[in-house]
Amino acid sequence: MATAYFAGGCFWCITPAFREMEGVVDVISGYSGGDEADPAYAEVKAQRTGHRETIRIDFDPAKVAFPTLMGIFMENVDPFDGEGQFIDRGFSYTLAVYWVDEAQRAAAQERVERLEEESGRHVWVSLEPFKSFYPAEEEHQDYYLKHPEEFEKELIDSGRKKA
């Protein structure tokens, strides 16, 4: 088993992209990057903790490779926005890959550099060594399954999905 950590803006919005993938065992919404222990959603959303909304993906590397997960991540965010994602603004909604080993760091860096070269634009994905992850409150886990109508509205209102 292996683990990957992606901060892709609203954690509700990127969870479904990974949840049903073969080889993905679990996707947990939470917080990474800050120094405060066990932050709460309201504090993170208010930009008071230095954390980003992050998903932890537990996966079987024999069935799905980290570079594949990295590709899915990049396809579900706007990598050219350094101020947040879609309508969600502020540091807690900025993009990051919290790598757990050299192979993840190298794969993430290669993907970012390739996109910069192809696009001629700066890619705003921070590549940082993993230091901690705090699961979000239960109400934020699998939000898209628990609240499908509100989730659909969030996707449309945010600009992630066309009506």
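**Exercise 1.** What percentage of the residues in the protein is buried?

*Solution.* Start with what you are looking at: this is a predicted model, where local features need pLDDT of at least 70, side-chain atom pairs count only at pLDDT 80 or more, and totals for chains, interfaces and linings use all residues. Residues are numbered from 1 along each chain as its sequence is written, and side-chain values use heavy atoms, with hydrogens and water left out. Next, the term: buried means under 20% relative accessible area, exposed means over 50%, and partly exposed is in between, using a 1.4 Å probe and protein chains only. With that cut-off, buried residues make up 48% of the 163 residues.

**Exercise 2.** Does the radius of gyration agree or disagree with that of a compact globule?

*Solution.* First the rule: the radius is taken over C-alpha atoms, and the globule value is 2.2 Å times the number of residues to the power 0.38. For 163 residues, that puts a compact globule near 15 Å, and the protein has 15 Å, so the two agree. Then check the extents: along its principal axes, the C-alpha trace spans about 35 × 35 × 35 Å. Finally, look at contacts, meaning heavy atoms within 4.5 Å. Of the contacts with a separation of 6 or more, 75% are between residues 24 or more positions apart.

**Exercise 3.** Which residues have the most contacts inside the largest nonpolar core?

*Solution.* A nonpolar core is a set of buried Ala, Val, Leu, Ile, Met, Phe, Trp, Tyr and Cys residues joined through side-chain atoms within 4.5 Å. The largest one has 38 residues, and the top spots for contacts inside it go to Phe-6, Phe-18, Ile-57, Phe-66, Leu-69, Met-70 and Phe-73. Helix α3 (residues 66-75) gives the most to this core, with six residues. Now zoom in on Leu-69: leaving out residues up to four places away in sequence, Leu-69 touches Ala-4, Phe-6, Phe-18, Met-21, Val-24, Ile-57, Phe-59 and Val-64. There is also a second, separate core of six residues, including Tyr-5, Ala-7, Ile-28 and Ala-96. As background, nonpolar side chains tend to be buried together in soluble globular proteins.

**Exercise 4.** Why is helix α1 largely enclosed by the rest of the structure?

*Solution.* Count along the helix, residues 11-19: seven of the nine are buried, so the rest of the structure largely encloses α1. The buried ones are Phe-11, Trp-12, Cys-13, Ile-14, Thr-15, Phe-18 and Arg-19. Pro-16 also has its place in α1, but Pro-16 is partly exposed, with a relative accessible area of 25%. Beyond its neighbours within four places in sequence, Pro-16 is in contact with Tyr-144 and Phe-151.

**Exercise 5.** Is Ser-29 buried or exposed?

*Solution.* Find Ser-29 in strand β2 (residues 24-32). Its relative accessibility is 1%, so Ser-29 counts as buried. Neighbours within four places aside, its contacts include Phe-11, Thr-15, Phe-133 and His-140.

**Exercise 6.** How far apart are the C-alpha atoms of Asp-88 and Ser-158?

*Solution.* Begin in strand β5, where Asp-88 lies. At 10% relative accessibility, Asp-88 counts as buried. Ser-158 is 70 residues away along the chain, yet the two C-alpha atoms are separated by 7.5 Å. Setting aside residues up to four places away, Asp-88 touches Cys-10, Tyr-93 and Glu-154.

**Exercise 7.** Where does Phe-86 lie?

*Solution.* Look in the loop between β4 (84-85) and β5 (88-89). Phe-86 is partly exposed, with a relative accessible area of 29%. Its phi is near 55°, a positive value in a residue other than glycine. Asp-142 has a positive phi too, near 50°, and is found in the loop between β8 (133-135) and α5 (143-146).

Definitions and conventions: Helix = DSSP H or I, 4+ residues; strand = E, 2+ residues; numbered from the N terminus.
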